[in-house]
Structures are given as structure tokens and as C-alpha cells.
Amino acid sequence: MAMSKSANTYNRQNWEESEFPILCQTCLGDNPYIRMTKEKFGSECKICARPFTVFRWCPGARMRFKKTEVCQTCAKIKNICQTCLLDLEYGLPVQVRDNALKIQDDLPRSDVNKEYYTQHIANQLEKGDGPIGALTGKASAPSDMLLKLARTTPYYKRNRPHICSFYVKGECKRGEECPYRHEKPTDPDDPLSDQNIKDRFYGINDPVADKLLKRYTDMPKLTPPDDKSITTLYVGNLDETIGEKELRDHFYQFGEVRTVTLVQRQNCAFVQFTSRTAAEMAAEKSFNKVIIHGKRINIKWGKSQGQQSFSKKGTEEEGLEHYHPVPGLPGALPMPPMDMHAVPNDFFGLVPPQLAAPPQAMGPPRGPPLRLPVGAPRGPPPGAPPPGARFFRPPGSMPRGPPMMMMMPPPGVASLLPPGVGPDPGPRHVHYPSQDPTRMGAIPKQITL
């Protein structure tokens, strides 16, 4: 071609010369103090084969050096970055953007027509009346696909070094000093491993675009709940810069907003509308589309009070099921007796229920007070059982004469009755180690030899 660098220089006035490249934020990197090398007419454009000014720089630490691949004229025609060839406004491939905006690509493919077309576009750009709208990729109205797939933050992972081929073969001896990545390569049959810069520019057979379009078709849809009384939307992923005013300014276009409740601790809010129609319209128009102060907002339907209580109960039950006991720790302690009236003053469960005394009536005794004769001895009458005694009748015996009186041991002391005589109190439940009478030496431990 006459415009190439290796051909005759009679058409050299059409070579491109620039002072600064057209780049996206991802290709520039996170370092604000970046240094570039500028080479005038350093390479040919990968699209139109015109020599142009090449810029080379390092986007950050442990990143590979990058350079411009296409000229600025081709970049302005498609409104793309000179290095990654992605759209400058949405960060998407050209094929995805053109499908979303219904743009028909009418760029010439032959060398002669392409040379004439690029010269004509360059003259228009110099005069200031260059192509606007379809050719530059500017959308008059945002598309649903673009708002859902657009990248709002830089993706610096794309600037990582390439995989070291010597490491794949097992022959790399530089170790940590190697500027390339020591990782296993992806599947060679993966379509993402075979990308062409011309297919990316013209938007034809781009594997990255096909992946994004498939992701858009598989995206979940926000279906309204069956309960028609729900008119509240959950708004998540908020920060300190987004307040009630910003939320009202956005959601008021769909209908009258009743209340806006902000929950700063959880970085979310609840927007309630006065009608169900306005809430459905806001959910449909805002799901995966709202960007406030550079942050994408999550939109979901609110829940009724019954659903909230049911989901909370189910979450608690699921949490209890997933807890596993720690090995080596004692088991759960038994609950104390619930009927405190049957066992008065037995707060630790030491007295068996069989030996518990019946509850006594509260208050002073009824009837006239008992008066003792003058000179009568004090204390219990002769033959009366001492305090703490219980009436006991051996099993199988007939009631002859007065009942037998047996002394029952106090709680926590071994029984004084012979084996097989008297009621079996059963095993004593010790709730805490401090309640064990053998622990402090109250009852000597029996050691069998």
C-alpha cells in the first residue's frame, strides 16, 4: 500500500501523529504518575495499516508493558481504546455494543476503499464535523443490555503478565525474578484463547462478546411477588454518599414515594410506593440498571411480615442443624425442674421428687392458738417422730400397730437404709460440678482393690 511505512513516502502527509493516546482506565493502570515512551511513526495500524505514533508504558507493579495497537482515527470511528479495543463508555466489546444499540457496521473491508474511507474520516475529524452517533458508539438512550453488562470499575487483572512458556515446559530457572506468570495455561480448546484483533474491531466472531451475550440471556429476572399488598423495594450496595435525597430523586419518576427508610449499618434502604403499579415499574426499570455516584445498586422486592418471620425461623433452625459439637467438651446440662412448687427451695435439683414434701399452705395457721398448761415441759411430746423422719411401711406387710418411723438421709448423703428397703430415689442428677458431694469430701469415695 502507498500508505504503509515500507512503501513510497509520497503519501506521508496522511501518516498520523499525536501527542497523547486514547486509552481506557484499565489500560492506564492505577498509578497516577505513569511514564510513557513516544515513538513517532513507530508502527503500522493493525486495521488500516497507516503508520502512527506508538506509546508504550507499564500500567503498574508486576504488570506487563502495554502499547497502542491501532491509530487514533480507527479508535475514534468505533469509540474504542487504542490498546484493548473495548468501548470507552461501557468497557464492552464492539459486537456487544452494536447489538445493544442496533448499529449496522458498514465499514469497508478492501484495502483501497479502506484507505479512502480513513482519509475521509480523518479530514472530517480535523475540521470538527466528524461522525457522530452510530460510528462513535454514543447512545442517545441507554440500553437494557448495556446497563446490565457495563463495567463500572477498572479491571486491572487484565494487565497481568503472560504465562511463562518455559515454566509450562518445566525449564524456567529464573524463579521469582521471572517477569512472566508461573501458572498453568487454560484449556487450548477454550474459545477465549483464540482472539483476533480484527474480529474485535469489526465485531465479528468475537469469543468475549459471545460469552457476554450468553451471560445476558442467562441473567435472572426480577419477578414481582404474588402478594399484591407489597409495595416496598429493597435497595442494597449503598455507601455514605448515597442518602435519602438521591434515592427519592431516582425513584420518584416511577410514582409517588411514600417512605424511604435508610439502614446505615447494613448499607441498604427500603423504598415504599403508594401503589403497586409504581413499585412494579420501578423494579422493572431499575433492576441491574441503577448506578448512583459510580456504584451499581441492587434492587429486590421487599417481604411481608409473615414471610420475614418464617424466613427468620427457618434460618435459625438451619443454623442449629449445622452446628456440630466440639470433641472433648462435656455434653449439655439437663434443665432444672420446671415445677418449683413440688420441690420447694430445691433450686439445684438435689432432692428426688419421690422424697419431696408436699407444699405447705402459706400464712398463719387457722383456729385458736394452742395453749400449753403451766409447768408443761417444752419440746416435742413423748413418742413423737423427730424432725426429718418419714413414715415407712415395708412392702408386703399388713398395717399392724403404729407405723414404723425411719430416718431418711439428708439430700446428698448416702442412704442409711439396708439394700432393698425403702423407696429407691433413683440416680441423682448433678447439674454443676460444685454440687457433687464427693468432690469436696463430704462423702468418701469407695475404692475397690
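Visitor: What volume does the largest cavity have?

Guide: Rolling a probe the size of a water molecule over the atoms shows where empty space is left. Here a 1 Å grid is laid over the protein atoms alone, and a cavity is a set of points where a 1.4 Å probe fits but cannot get out, while lining residues have an atom within 4 Å of a point. Grid points are joined across faces, edges and corners, and a volume is the space filled by probe spheres set on the points. The largest cavity has a volume of about 70 Å³, and the count of cavities of 30 Å³ or more is three. This is a predicted model, in which local features need pLDDT of at least 70 and side-chain atom pairs count only at pLDDT 80 or more, whereas totals for chains, interfaces and linings use all residues. Residues are numbered from 1 along each chain as its sequence is written, and side-chain values use heavy atoms, with hydrogens and water left out.

Visitor: Which helices supply at least two residues each to the lining of the largest cavity?

Guide: Helices (H or I, at least four residues) and strands (E, at least two) are DSSP runs numbered from the N terminus. The helices in question are α2 (72–78), α4 (111–127) and α7 (197–202), and α4 gives the largest share, three residues. Among the lining residues are Ile47, Cys74, Lys114, Thr118 and Tyr202. By class the lining has nine nonpolar residues, one polar and one charged, where Ala, Val, Leu, Ile, Met, Phe, Trp, Tyr, Cys and Pro count as nonpolar, Asp, Glu, Lys and Arg as charged, and the others, Gly among them, as polar.

Visitor: Is Cys74 buried or exposed?

Guide: Buried means under 20% relative accessible area, exposed over 50%, and partly exposed in between (1.4 Å probe, protein chains only). Cys74 is buried at 2% relative accessibility, and Cys178 is buried with a relative accessible area of 2%, whereas Asp111 is partly exposed at 45%.

Visitor: In what order do the three strands of the sheet stand?

Guide: Strands of a sheet pair through backbone hydrogen bonds, either parallel or antiparallel. Two strands count as paired if DSSP finds at least two bridges between them. In this model the three strands form an open sheet in the order β1-β2-β3, with antiparallel pairing. Because β1 (36–44) and β3 (66–67) each have a single partner strand, they stand at the edges, and one side of each is left without a neighbour in the sheet. β1 pairs with β2 (residues 51–57) over six bridges; Glu44 stands opposite Pro51, and Lys38 has Phe55 as its bridge partner.

Visitor: Which element gives the largest share of the lining of the largest pocket?

Guide: A pocket is an open set of grid points with protein on both sides within 12 Å along at least five of seven lines. The largest pocket holds about 1,700 Å³ of space, and of its 40 lining residues, those closest to its centre are Arg158, Leu192, Gln195, Arg200 and Val208. The largest share, four residues, comes from α8, and the lining comprises 16 nonpolar, seven polar and 17 charged residues.
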